[in-house]
Amino acid sequence: MKKVFIILLALSFVLMGFTACSPDGANGDSEEIPAEEESTDIKDYSNGTPWPMIDLDGVVTKDTPADAKDNFALYANKDNILSRELKKDDAIVGTMYDVILAGEKEELQMYAGDEPESHDAKLAYDLYNMMIDWDSRNKVGVEPLKKQTDAVESLDTIDKLTAYYRDTPKAEQLAGLWYADSEKDVEDSSKNIIKVSNDKLLLMDSAEYSDPTEYGTILKDAKMKLAKRMLVKLGYSEDEAQQKTDNALAFETKLAPAVYTSEENGSEDIIERSNNHYTRTELKEAEGKLPILEVLDNTGYPEQADYVVSNPEVLEKLNELYTEENLPQMRDLIIVKGVISAASDLDRECFEWSEECSNEIEGIDADPDDKAMASGTISGLLKWPVAQLYTETYLNDEDKERITELVNDIKEAYHGILEDSDFLSEETRAKAIEKLDAIEPRVLYPDSWEKYECTGLDFKGPEDGGTLWEALQAIEAWENRKIVEDFSKPVDKEIWSASPQTFNCGYEPLTNSIYILGAYARGDIYNSEMSDEEVLAKLGVSIGHEISHAFDRTGAQFDKDGNKKNWWTKEDKEEFKKRNAKLAEYFNAIHPWEGQNLKGSIMTGEACADMAGMKVALRVAATKEDFDYDEFFRAFADLWFAQENLMMARAGIENEHPLNYLRINCTLQQFDEFLDFYGITEGDNMYLAPEDRVNIW
C-alpha cells in the first residue's frame, strides 16, 4: 500500500522540469515552457559526502563496511537495510511506514462490521460503502464532472468568468484561480481573519516553471498524462486535450514568477512576508478586476475592516493576467486542475488512471487498492467520526496516561536546556520558560467528543439511492458553511486541529500545543512492552522534537498565547539567527550523492527540533540508573530506518525535513554522550569538533 505523504512525514504542523513546448493555437496564446537539459551521465548514488545516501535502495550491499565511528546510521541499521527489499508497489519501507501500514489495515477493519447506529459513524460507514460500490460509480460515470467542465467551457467572456466565481457555490466550482478564506489571525490567534493568496500550482513549486528539476519533470508529465486521458473521456479530441494542458501550463508559467517558491515558503521571514494587512478599501483597489470581495460577500462572510494578503505580487500579477486575451488559458487551467482533482472520485477507469498517476510520481508499480483509498479518503473528509471509531477500537486510557506522564517529564527536563543556554539573556530566558510552561500536551485523543460532532451534515446513503459524487459535494458544502458560520465567533483553541488516526506528531504555534497522535504511538514506535530506553529514544525524542518547535525559527516568533509577538531582546534574536545560519551552512556542505545539494535554509526548523529533542532525551536518560545507552542510540536509529526509491529520495531533497539517515547521523554527532560512549574521536567520520557543532539549543 502506498501514500506519498508518508515519505515526507512532517513532525510539525507549522503551518511538499519541463520538456514540452506549447504551440500557439486557437484556444489561446501559449508561451514556451523551459525544457530541462537531458543528462547522459549515469549518477553514482553511493558517492555521497560525508556519508552515502543509505536510505536509497541498492546503495548498501552486504560488502558495505559498517562502523559506528564512520556511519552510525549504517552501523545500527545495516541488517534491517539488507533484510528489506522494495517491491514493485513500495515507494518506501521502514519502521515508521510499517506502523502506518498497520494503522491503515486497522482502519479498514472498522468498516467490516454491522452498520453503526450513531449519526456521525453512519456517515463514515455509508461513504465507505459508496466508495467501493463500483457498479454504482460506473453507472454514474463522468457525467457529474462533464456538467462542471461544460459550465466552464461556456465562459466566453471575462464577465462570465467573473459571474461564475461570484455566483457558483464553492463546492460546485471546478477549481480556483486564487484562494480567499478564513484562517486564524497570527497576530491575535483568538480570532479569525480572511486571507487572500494564490491557489496551488499544478507543479506545486513555482521554481519548477523556470528551473525544472528531475522530480518536477516527472510530476508534470504524470499529471498532464492524467489530465489528457480525462479530457478525452469527457469528449475532447486528443489535439484539444493537448492544447488545454499546454494552455494550463502556459498560464501558470506567466503567474509563477509572482508566487513564492518552496524555498521562500520555508524561509524564516515567510510569516512576516505573508502577513500583509489591507483595509477593505485597499483590498478593493488591489483586486482590480478580480471579484474577490464579491465572492466573499456572496459566500456569507460579513464585511471586514481588515484582511490579509499573503503575497501582494500575486494579486498584482493575477489582475494583470485577468483579461479577455488570457481567458482561454484561464478557462483551460480551471478545467485541467478540476479533472485531475476529480479523477479518483469517478468511475473505475478514472480511479485507475489517478492511481497510475500517483505510481508514476512515486516511482512504483502498485495495483489499485480501492478499499485502502476509500478508508484513507474518508479519514480526511470525515476525520472526527472516524477519529471516534478509531479511538474506541484501538486506543486506551492507560497509554494516554503513560505518554502524558512522559510529556511532562520531557517538559520538565526542557527547563534545563533553556536555563543552561549560553546565549539567552535573563529577560528572554524568562519569556521562553513562561512559554514552555504554557505548552499544552494533546495526547492520543481528545478527552471529550462533544465539540467534534457533524451536526447538520447529511447525505443520502446507498440504500436511499445516494451517489458518491453527491455525498462528496454535500460534505464540501457543509464544511464551507461551517467555516463561514464560525468566522465571527471567538476561536475555540481547545478544539484539536489533528485527528487521532493521523500518523503524526506536531507543534501548533497558534495554540502553543503539541500533538502526540494515537496512530503515531503504535507498534514499533511505542507499545506498553517497550523498555524505558526504547520509549525514550523513539517517543521521548519525538515529544522533545515537538516542544522544540516552540523555540525554532518559526515557533520563536509566537508567544505563550499563540500570537505572533516578539519576546526576544534584539541581541538574543541576532545570535539566534546566526546559529540558524550556521545550521543551514552545515547542511549545505552535505551531499546525498555527488552533485546533489541540499537546501539548508529550509531545514533549520526541523533539524533544530531533531537536535533539541535528542538533547532533552539525554537529560532524562542521565537521571536513570543503569541506563543502556547502546540500546537507546540503536533504538533512535531504528526510528528513522527507511529504504526508498529514487523518486522518494528526489522528493526528500525538496523537503524541509532532513533525509532520514541525516536525522540520525547529523543529530547524534552533536553530543558528547554519543561520541564518548562509542569512543569516537577526531579523525573518525562521525566526529564533529565542539566549535563546529550546530545544535541551537
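Of the 139 residues in the largest nonpolar core, F72 and W697 touch the most other members. Before I go on, please keep in mind that this is a predicted model. Helix α23, residues 600–621, gives the most to that core, with twelve residues. There is also a second, separate core of 76 residues, and V142, L315, I334 and L346 are among its members. As general background, nonpolar side chains in soluble globular proteins tend to be buried together.

Let me stay with W697 for a moment. Leaving aside residues up to four places away in sequence, W697 touches Y414, I417, L418, S421, F423, L424, F551, W568, F576, C608, A612 and K615. C608 will come up again when I get to the cysteines.

Next, the sheet. Three strands form an open sheet in the order β6-β8-β7, with mixed pairing. The edge strands are β6, residues 440–444, and β7, residues 505–508, and each of these pairs on one side only. On average, neighbouring strands here are turned by 15° against each other, direction ignored.

Now the two pairings, one at a time. β6 and β8 run parallel and are joined by five bridges. On that side, R442 stands opposite Y515 in β8. β7 and β8, the latter covering residues 513–517, run antiparallel, with four bridges between them. There, Y507 has I514 of β8 as its bridge partner. β7 and β8 also form a hairpin, with four residues between the strands. In that turn, N512 has a positive phi of about 50°.

How much of β8 is buried? Five of its five residues are, so to speak, under cover: the strand is mostly covered, and those five count as buried. In general, the side chains of a regular strand alternate between the two faces of the sheet. In β8, S513, Y515 and L517 point one way, while I514 and I516 point the other way, and all are buried. Helix α21, residues 532–548, packs on the sheet and touches β7 and β8. The direction of α21 makes about 150° with that of β8.

Is T391 buried or exposed? T391 counts as buried, because its relative accessibility is 7%, and the cut-off for buried is under 20%. Again not counting residues up to four places away in sequence, T391 touches Y445, W449 and P500.

Last, the cysteines. How many disulfides does a search of the whole structure find? The search finds zero. I will take two cysteines as examples. For C350, the closest cysteine sulfur is in C357, at 13 Å, which is too far for a bond. A disulfide would need the two sulfur atoms within 2.5 Å. C350 is also buried, at 0% relative accessibility. For C505, the closest cysteine sulfur is in C608, and the 17 Å between the two sulfurs is too far for a bond. C505 is buried too, with a relative accessible area of 0%.

Note on methods:
Residues numbered from 1 in each chain as written. Predicted model: local features only at pLDDT ≥ 70, side-chain atom pairs only at ≥ 80, totals over all residues. Heavy atoms only, no water. Pairing = 2+ DSSP bridges. Helix = DSSP H or I, 4+ residues; strand = E, 2+ residues; numbered from the N terminus. Axes fitted to C-alpha atoms, helices over the stretch in contact; angles between N-to-C directions. Contact = heavy atoms within 4.5 Å. Buried < 20%, exposed > 50% of the residue type's maximum accessible area, 1.4 Å probe, protein only. Core = buried A, V, L, I, M, F, W, Y, C linked by side-chain atoms within 4.5 Å.
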